[in-house]
Every structure is written in C-alpha cells, then in structure tokens.
Amino acid sequence: MRKTVLSICLLLSMLTASAQSEWDNYKPTNNQHVQLTQTNLPIVFINLQGQRLASRWEDRYIAARMKIIHNGEGALNYGDTLAHPDQTVDYEGWIAIKYRGNSSFSSSDKKPYAFRTLESNVLPDDGGKKEKVKILGMGKDNKWAVIAPFSDKVMFRDILSFDLARPWMDFVPKARLCEFIIDGTYYGVYVIAERVSSGKQRLNLHDPGDDGGDLTGDYLVEIDRPDDPYYASQYRPWTDFNGTQNYGKTIHYQYKSPEQEDFADLPAGTQAALNAEIHTMETVFASAGYADPESGYSQYIDVTSFIDYMLATEVSMNIDGYRLSTNMYKYSKTRAQNEGLDSRWKMSLWDFNIAWGNADYYDGEKTNRWQYAFNTRVSWDDNQVPFYWHRLVKDPTFMEQVKQRWAAYRQGNYSDERIMATVDSLANMLTTEGAVNRNQQAWGIIGREVWPNYYVGNTYQDEINYLKNWITNRLAFMDQYLLPKEPIITEPLEVSSGWNGDVIAEKLPVSTSTTRAIDGSFRVFYAAALKASGGMPEDRTIISDALGTTYQLQPYNQNNCLTLDQNGQSATVTFASPFSTTGIYMLMTSGNGASRWLVTVHYADGTEESPQTVDIRDWSVNAAYVDGTEAKWGLGNVVRTSGSFSSDNHYALFEAKVNTNADKQVSSLTIKSNNNAIGSVFAFSRMADTSTGITTVSGTASPQGGVVGIYSANGVQQECLQQGLNIIRYADGTTRKVIIR
C-alpha cells in the first residue's frame, strides 16, 4: 500500500514539475527514491494536498498540511510513522506555503520556502486565520522561513552566523536543521528559521499609532533590491571614502512592517512618517557634523547594534552584507519612553548562505578584504552599500568602539575555540546519522560546482576543512587591524636564489637599468636617488606601516624581485640558510589587477606544508581607497619604454604572512600563480626568536654603543629588563627590542 501511495505521489510530483512555468526554474530531486529510516534531526512532512506550488513569480501561498516529528535532543526520529506510532509530534496542522528567495531560488535546484501556520485549511486571503505556534523550541509566531542549503555545501553557514552573533545582538533568528519529506519524496536537509519580523517573540513591534498615536515607529525595513514597494533614499551611495557619489545608483528600503498593503488600514501619514524617519537619519549622516556626540548619528542609530551587525558581516565576508537582506528596525519614541526602550535604528541578521568564503565573485572568497569597502571595488553593481557606512568607518570614535567590541568578541563566542567547536558540532549533527549522505543522494551537490562556489571539495569533510581554514585566515586578518597591535620582532631573510627580475630603476635610461615591469603598461618602481618623491629608500630598508615588519630589499642594480605573470606559473625561493620561525612575511605588489598565489613552505628535512593562499591587491591605490592594510603607500613609478614618471604617487606595497612549523627548519618557498595578474615579491622577513635568558643589561660597550636606558613598551624607563617587551636604547641613538618570557 505504501509503495502504491509513494508511486502516486511520485507521479503527481513529476506531472507538477512538468506543468510549471519555465520561470519557476523548478527541478525535482536528482534521486526521488532516497529512504529516510532514522535520523537525529527533526523530520518535517509536508502534504501539498494534491496541489502544486505556485510559481515563485506569482508569489502566492497554497494550503498544505505539515507534521514535524521530534523525539527530543539526543533521540532518534523515524521516517516510518506507521511502524513508530508513538513518536513525539512537535507540530501538526495547516500551513500556507510558497516559494521564497531571490538568487537562493533562481540559482538553486533545491528551493527555499516560506510558510505561515493556520487555524484551518482556509487561506488568510480567503478569510482564514493565521495561528501562532511554537516550532522546535522557537518562540510562538505564524511566520516562518525554510532555508534550502544548496550552494552552501556544509549546510549551516546561516546557523553559524546566527549562533555566533546571538549573545551580542538584541534579536537574531533562531534556526533548526531538519530533514524534509514532501508528498512522500525525500527532499533533503533544510533549515526552519524564524523570520526577522514583528511578532512578540521576535522584534515585538507595535503598529504605528498604537502608542499614543505616535508615528515615529515601530518600523522594520530591509535594504534590498527594488522588488517590492520601497522607499528610495534621497542620498546616493559613495564610490570611495571621500564622498564621491554614485549618481546612477539608489539605496532601496523595502517595507516589511508595516508592509505596503498595511498602510491603508493604519493612521493617515504612516508611510510618510516612516520615510521621514529614514530620511532624517540619513540627513544627519550627510551633514558636516555627523559625528558630533550631542547632535550626530549616535542620536539616531544604536551604535552598538550597528557595530554588531558590522562585525558579523565582516567576519563572514558576507558579500550581500550592508546592501542586500539587511534589516533595520526601530521603536516609536513614545513607546521607548514609556517602556524604557531605545527608539534609535537597530539591526538584525539574515542570509549568510554565500558568506564564509563561499562566493567566487566580488572578492567573496578572499580573507583580506573589508566588505564595507564594497563600493570602492564594485561600483557598477546596482545594489550598493549605503553611504553612511563609509561615514561610520571614517569616524575614529566609531572605529575605536569597533576595535573594543571585537576584542570582547574574541574572548567570547568569536574565539577560535568557540567558532571551531560550533563548526564541529553542526557538522557532527549532520553526519552522525547520515543526513549529509541522504542529502547527497537527493541532490548530488558534493563534488560539483554550484553557483557561486569558489571552492569545490570532493567530500563533505573537504568542505568543512576549507571552511575552517578560511575562518582561521579571516580571523587573523581582522585581528591584525582591529586588535591592539602587539609589537612584533622580525628579521629580514637573505635569499640565495629565486630572484628573476629587476623592477626598480636606479639610473637612466630606465630601459637598461631594469629588466621587466610591474604591470602591462611597462611601469616599474624607482630608487629615491633617481627621484626623491615616491622613490624606494636609499638604504633599501622598508618597515611596514601596517604591521611594523622590517624588510631588506635587494640592491637596485641587480635582480630584486620574483615576478609571476601567468596562471599556473611557479618558482622557488631558496633561503641562504635554514631557519626556524613561527611565520614568514612577504613584501609584495601586483599589477594588471589583484594576484592570487599558492605558497608552499619547504623544510630542510624534506617535508612541506600544504599550500597557503596569498592574495595581493593591485598596486594602484588612490588615496580614497587606502584602508590601512598597505605595507607602504605613496610610491611612484616610471615607464620603462619612455622614462615618464608618474605625476601622482599613489602606488603601494602589501604584505602577507605564511605560517610555518616552529619545530622545523625552513629551507625554501615555492610560489605558484593562480591567475594572470602580474605579481611580484621583493623581500621576506621572519618572526624572530624572541626567547632569551637575559635578566640584566650592563652599561658596557656594545656594537651599537653603550646602553643609556631600558624602557617598557609604553615608554616607562626601567632599571633592568622585565618580563614582556623591553626597548633598549644605545648611546648612538639606535634601539633593540628584547622580549623576556
């Protein structure tokens, strides 16, 4: 009997799929015979009652029946409800269901859904009533989202973002991994999630006018595409941090609560009042005194909420962040006064499925970019970051608060240990009882490229390993620029072989004093002796402005760089003698766009590290785009063929660190280009061995002259060396750093 029912359901499903419009982009599972026997995840059964889901573009609900089996944490749930009749039913009832999503719908075979819980099978549009219910431990509401992990092959990027941010933000959606069976067919792993919505268990928004007729709130808007009725910002997004406006682009605020259809039933002027609240906030940001603590932006936005949103967006490098699926909400001034609330704009989180290194466009896979600077890289996209984020990061007070908040984060949920434990826990949840394998049988996502994957692993564990490695690199990048800089002691490394070009001109004609170029326009650097402004230092020593790393360039009259300019090209740099260190810094730049390298560390014992990815920005960095990650900025160039010097010195050197095993001796590095940009490395430096047994320093002569003082890191003079960083000053004006462990 069950086989007959399944066959009928399968036939109905096939007929439904063939009948749907091509605009649906609907596709049934690759394998409609997957069996779900038992699982540790809740099981969701949906019966469409012989109907088909409406086209996504119709945006129309249909009535369906839903049943959720969940026998509790740590217990198994069984797909055969006849053989296991005593299972715990978490929810059973009527729902209104439809497709949802934009790119997550159109670019995915596995479709996301929205559903509302109902009192009966009568839809609200036909006079039926919605019913608020608890689902899987989440608070009572009638509005729910079903996320369909498809391009996200670990299947929990959204949950990871929500779980990490929840202790810090006023509201972050709760979400639960589940397995879905629709009309008898297994549909794989999904996520049931709370929506960022107005319900009492969520944002708890009142209708405008309910609180003493106050029309200053409550409101929820979403910065997104102009798909729904929206308010268009009167201020243009910026293409840089100096206020250059992108006149061809507009920021759109979609109405979410109230929605467009609600305005007719609300007090007159509600829509205009909502628009005015947005406009007032933006106008303050556009003013010259926007950062004034008494009258500036801090009076209109909850600064901490914006910082929390920013850090959640940046740590995941969410390329949709700030500009798409971005929720802002506020409470009315009267209600805030009466209930002790905050009437300023706040933020919540949504949509991280292509974050965490999962996108191959707009630098979504990179760990050394800031998403808030999106417009400086991608000014042509229709959906831009609102200008006020540029204003915020230009305010030193705001950025100091960001750094303080990040330091607190790193001691809590965003510590390396907590993040990795969360990843392991979620991955274990999906693998323990075979949910990953069943989802793979149904959809075949592992091992094939799915838009917009940057990385394609051959196994689920490969995908987890990639995610962990990406997170490690991302955290290291953010720590470098957001945590207090701990002084590092580095030593330049001597290279015995590997330099293959001279790209620093020390005399005229440039064509004979150099052998190759930095970019396709035949430009090279030049020494300060040739031209002081924008020139490379005469002593060939460069101390990084970003990290304080010390590098020693090669003589300018010989090969002084290693350049790779073709995809797949590789070369090896051999050091003068093996050494041990915890990390090697590389001083680099790139022409003809950004370069991506794979760097392999080789040890004297014949072993090597797995290749590490190094990204290098393009060397042309106008002042408005300087973000503090540049090792050296303000350099000039000269054209090899004509001898013409640059008139605006805005070229840069960058740096990156590759990790090494401190218990082994490094002998060489192999560098492989992963694209066709022209990448060049000029120098290497290592983390110095700072261990020392010194307890006192005498005032006798030394190579640098007599010791005249010993100071702490913050400049306090000491009688002798203390534990931690010590700065020794000599009679000839030189200094030496010593760390006592």
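The model is predicted: local features need pLDDT of at least 70, side-chain atom pairs count only at pLDDT 80 or more, and totals for chains, interfaces and linings use all residues. Residues are numbered from 1 along each chain as its sequence is written, and side-chain values use heavy atoms, with hydrogens and water left out.

The chain holds 13 helices and 36 strands. These elements are DSSP runs numbered from the N terminus (helices: H or I, at least four residues; strands: E, at least two). Of the 741 residues, 54% are buried. Buried means under 20% relative accessible area, exposed over 50%, and partly exposed in between (1.4 Å probe, protein chains only). Contact means heavy atoms within 4.5 Å. Among contacts between residues at least 6 apart in sequence, 70% join residues at least 24 apart.

Helix 4 covers residues 270-286. Its 17 residues should span 24 Å at 1.5 Å a residue, and the end C-alpha atoms are 24 Å apart, which agrees. The expected span is 1.5 Å times one less than the number of residues. Buried residues of helix 4 include Thr270, Asn275, Glu277, Met281 and Phe285. Their cover includes strands 12 (219-223), 13 (230-232), 14 (252-257) and 15 (326-330), along with helix 8 (387-394).

Helix 8 also meets helix 9 (residues 396-409). Their axes come within 5 Å and cross at roughly 80°. Axes are lines fitted to C-alpha atoms, for helices over the stretch in contact; angles run from 0 to 180 degrees between N-to-C directions. The two helices are therefore roughly perpendicular. Angles under 35 degrees count as roughly parallel, over 145 as roughly antiparallel, 65 to 115 as roughly perpendicular and the rest as oblique. Helix 8 contributes Leu392, Val393 and Lys394 to the contact, and helix 9 contributes Pro396, Phe398 and Met399.

Helix 10 (residues 416-431) packs against helix 12 (residues 460-482) at about 165°. Their axes lie 11 Å apart. The pair is therefore roughly antiparallel. Among the contact residues are Ile419 and Val423 of helix 10, and Ile464 and Leu467 of helix 12.

Valine 122 sits in the loop between strand 6 (113-118) and strand 7 (133-135). It counts as partly exposed, at 34% relative accessibility. Beyond neighbours within four places in sequence, valine 122 contacts Gly127, Gly128 and Lys129. Isoleucine 62 is 60 residues from valine 122 in sequence and 9.4 Å away in space, C-alpha to C-alpha.
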